[in-house]
Amino acid sequence: MDMSGEYRIAAPREAVWKALNDPAVLKECIPGCEELDMISDTEMTAAVTSKIGPVKAKFKGSVKFENVNAPESYTIVGEGKGGVAGFAKGGADVHLAEDGGDTVLTYTAKAQVGGKLAQLGSRLIDSTARKMADDFFGKFSEMVGGQANGGIADDELDPGLVEEAKSIAAEDAPGHVVEAIEEVEHAIEERVHDAEEKVEVAAAKGLLGGPFVWGLIALGAVIAILAILN
């Protein structure tokens, strides 16, 4: 997946550079960001909850800054893992240029995804990533420059692409629903097994009426669980 974009921010370049390296500002601007910590001058760790089509997961990962040329440019390299949802990794070259009292931020990025995310289709992933980028820079521009200026390059989302992304998500949804049901069934089986073991222990001790009463309770619990599942 390749992306590029350009954003005009109504603030001096020094202020924009400082904000791009401020964990508090970044956490506020990154959609779904729950944790963001600066562990060194060139490395951050983060936890972000994101939803792409039918897949929603919490990603944990790290980001490193390379080729730092303050306050003009740097390269971001990072990787995040979302458990069964898959992973995402890649990098971006970021450049800041002065334009009067404003700063023009441009970036080019390359990313790779795997796991369930890779099954969603590149157009859905691209559209979601671009919207997240627009949301981030809109909020960032608002915080740093006092107003949201938005993108001025080729990353604008059009309604047709959004509708196509929805269609792709709808087509892929049944398979993911089946997987989710299978996971729930597995979890219920484990719960029932644990309950049966506890019932056997309690029955052996003769608690609350002995094995007969506990057998009825266990049967009622299993029926309730199956009813909820159906």
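Which residues lie nearest the centre of the largest cavity? Ile30, Val48, Val63, Ile76 and Met132 do, among the 47 residues that line this cavity. The structure here is a predicted model, in which local features need pLDDT of at least 70 and side-chain atom pairs count only at pLDDT 80 or more, while totals for chains, interfaces and linings use all residues. Residues are numbered from 1 along each chain as its sequence is written, and side-chain values use heavy atoms, with hydrogens and water left out.

Start with the overall layout. The protein has five helices and seven strands, taking helices (H or I, at least four residues) and strands (E, at least two) as DSSP runs numbered from the N terminus. Read from the N terminus, the order is β-α-α-β-β-β-β-β-β-α-α-α. Of the 230 residues, 31% count as buried; buried means under 20% relative accessible area, exposed over 50%, and partly exposed in between (1.4 Å probe, protein chains only). The accessible surface comes to about 13200 Å², and carbon and sulfur atoms hold 57% of that (Shrake-Rupley method, 1.4 Å probe; for residues, only the protein chains shown count as cover). Among contacts (heavy atoms within 4.5 Å) between residues at least 6 apart in sequence, 54% join residues at least 24 apart.

Now for the strands, which pair if DSSP finds at least two bridges between them. Strand S1 (residues 2-9) runs antiparallel to strand S7 (residues 102-114), with eight bridges, and Met3 sits opposite Ala109 in S7. S7 is also antiparallel to strand S6 (residues 87-99), this time through 13 bridges; here Glu98 faces Thr103. The S6-S7 hairpin has two residues between the strands, and Gly100 takes a positive phi near 70 degrees.

S3 and S4 form an antiparallel pair with ten bridges, in which Met44 has Val63 as its bridge partner. Their hairpin also leaves two residues between the strands, with Gly53 at a positive phi near 60 degrees. S4 then pairs antiparallel with S5 over eight bridges, and a hairpin of three residues connects the two.

Lys60, in strand S4, stands opposite Lys81 in S5. At 53% relative accessibility, Lys60 counts as exposed. Its C-alpha atom is 6.5 Å from that of Val48, twelve residues away along the chain. Beyond its neighbours within four places in sequence, Lys60 touches Ala46, Ala47, Glu79, Gly80 and Lys81. Ser73, in strand S5, is buried, with a relative accessible area of 19%. Leaving out neighbours within four places in sequence, Ser73 contacts Trp17, Asn67, Val68, Val94 and His95.

Back to the cavity. On a 1 Å grid over the protein atoms alone, a cavity is a set of points where a 1.4 Å probe fits but cannot get out, and lining residues have an atom within 4 Å of a point. A search of the whole structure turns up one cavity of 30 Å³ or more, and the largest cavity holds about 1400 Å³ of space. Two or more lining residues come from each of S1, strand S3 (43-52), strand S4 (55-69), strand S5 (73-81), S6, S7 and helix H3 (122-145). The lining splits into 33 nonpolar, nine polar and five charged residues, where Ala, Val, Leu, Ile, Met, Phe, Trp, Tyr, Cys and Pro count as nonpolar, Asp, Glu, Lys and Arg as charged, and the others, Gly among them, as polar.

Technical notes
On a 1 Å grid over the protein atoms alone, a cavity is a set of points where a 1.4 Å probe fits but cannot get out, and a pocket is an open set with protein on both sides within 12 Å along at least five of seven lines; lining residues have an atom within 4 Å of a point. Grid points are joined across faces, edges and corners, and a volume is the space filled by probe spheres set on the points.
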